[in-house]
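Work through these exercises with the coordinates open. Each task is followed by a stepwise solution.

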Amino acid sequence: MENCLFCKIVKKEIKADLVYEDDIVTAFRDLNPQAPVHVLVVPKKHIATLNDLEENDKALAGHMLFAAKKIAQKEGIAEGGYRTVFNVNRDAGQAVFHIHLHVLGGRVFSWPPG
Ligand code: 5GP
Ligand code: ZN
């Protein structure tokens, strides 16, 4: 996608603080972190929202979760706990329309979320 911010980060046309990368996903630190650890796991394939996920993207979605687990371990938040979030569309406040899994940790989170 030409004008997609996260596609540009994936292609390294825009700089980001990368924490993990493989052939399916790129993960980098959020520019405006909401916790001491705040990483975004982004598939290299452009998918606008979770609503656009298709049958043949199921392995990709699982891969994103597995990457989140590895990142949590690497960042030292696995044992204490962390939160994973997909914001979808307006009511959830999705701002970037290329799916991304937020991985947040290093502090205590409240529930229910705001
Ligand atoms: P959303 O609200 O769409 O779930 O989350 C988008 C996230 O992307 C926000 O947490 C925001 O801080 C982050 N973000 C927006 N622009 C950039 C950027 O250029 N670089 C990085 N690293 N994060 C960004
Ligand atoms: Zn994109």
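**Exercise 1. Overall size and fold**

Solution. 
Step 1. Note that the model is predicted.
Step 2. Take the box along the principal axes. The C-alpha atoms fill roughly 35 × 30 × 25 Å.
Step 3. List the elements. The chain holds 3 helices and 5 strands. From the N terminus on, their order is α-β-β-β-α-β-α-β.
Step 4. Look at burial and contact range. Of the 114 residues, 37% count as buried. Among contacts between residues at least 6 apart in sequence, 56% join residues at least 24 apart.

**Exercise 2. Strand pairing**

Which strands pair with E5, and in which sense?

Solution. 
Step 1. Start with strand E3, residues 37-43. E3 is joined to E5 by 5 bridges, and the two run antiparallel. Here His38 stands opposite Leu104 of E5.
Step 2. Turn to strand E4, residues 82-85. E4 and E5 pair over 4 bridges, in the antiparallel sense. Leu104 in E5 is the bridge partner of Arg83.
Step 3. Ala27 has Val41 in E3 as its bridge partner.

**Exercise 3. Two covered strands**

How many residues of E3 and of E5 are buried? Sort them by the way they point.

Solution. 
Step 1. Count E3: 7 of its 7 residues are buried.
Step 2. Val37, Val39, Val41 and Pro43 point one way. His38, Leu40 and Val42 point the other way.
Step 3. Count E5, residues 101-105: 5 of its 5 residues are buried.
Step 4. Compare the directions with burial. In E3 both sets are buried.

**Exercise 4. Helix H2**

What span should the 18 residues of H2 have, and how far apart are its end C-alpha atoms? Then find its buried side.

Solution. 
Step 1. At 1.5 Å a residue, expect 26 Å. The end C-alpha atoms of H2 are 26 Å apart, so expectation and model agree.
Step 2. Pick out the buried residues: Leu60, Met64, Ala67, Ala68, Ile71 and Ala72. Their arc around the axis is only 140 degrees, so they lie on the same side of H2.
Step 3. Check the other side. Lys58, Ala59 and Leu65 are exposed there.
Step 4. Find what the buried residues face. They pack against E1, E2, E3, E4 and E5.
Step 5. Look just after H2. Gly76 takes a positive phi of about 80 degrees.

**Exercise 5. The nonpolar cores**

Solution. 
Step 1. In soluble globular proteins, nonpolar side chains tend to be buried together.
Step 2. Size the core. The largest one has 18 residues. Those with the most contacts inside it are Tyr20, Ala27, Val39, Val41, Met64 and Ile71.
Step 3. Assign the sources. E1, E2, E3, H2 and E5 each supply at least two residues. H2 gives the largest share, with 6 residues.
Step 4. Inspect Tyr20. Beyond its neighbours within four places in sequence, Tyr20 contacts Val25, Thr26, Ala27, Ala67, Lys70 and Ile71.
Step 5. Look for another core. A second, separate one has 9 residues, among them Cys4, Cys7, Leu40 and Val42.

**Exercise 6. A loop residue**

Is Ala16 buried, partly exposed or exposed, and why?

Solution. 
Step 1. Ala16 sits in the loop between helix H1 and E1.
Step 2. Apply the cut-offs. Buried is under 20% and exposed is over 50%. Ala16 has 32% relative accessibility, so it counts as partly exposed.
Step 3. List its contacts. Not counting residues up to four places away in sequence, Ala16 touches Ile9 and Phe28.
Step 4. Ala16 and Glu2 are 14 residues apart along the chain, and their C-alpha atoms are separated by 18 Å.

Definitions and conventions. Residues are numbered from 1 along each chain as its sequence is written. Chains are lettered from A and ligands numbered from 1 in the order in which they are written. This is a predicted model: local features need pLDDT of at least 70, side-chain atom pairs count only at pLDDT 80 or more; totals for chains, interfaces and linings use all residues. Side-chain values use heavy atoms; hydrogens and water are left out. Buried means under 20% relative accessible area, exposed over 50%, partly exposed in between (1.4 Å probe, protein chains only). Two strands pair if DSSP finds at least two bridges between them. A nonpolar core is a set of buried Ala, Val, Leu, Ile, Met, Phe, Trp, Tyr and Cys residues joined through side-chain atoms within 4.5 Å. Contact means heavy atoms within 4.5 Å. The expected span of a helix is 1.5 Å times one less than its number of residues. The arc is that of the directions from the helix axis to the C-beta atoms.
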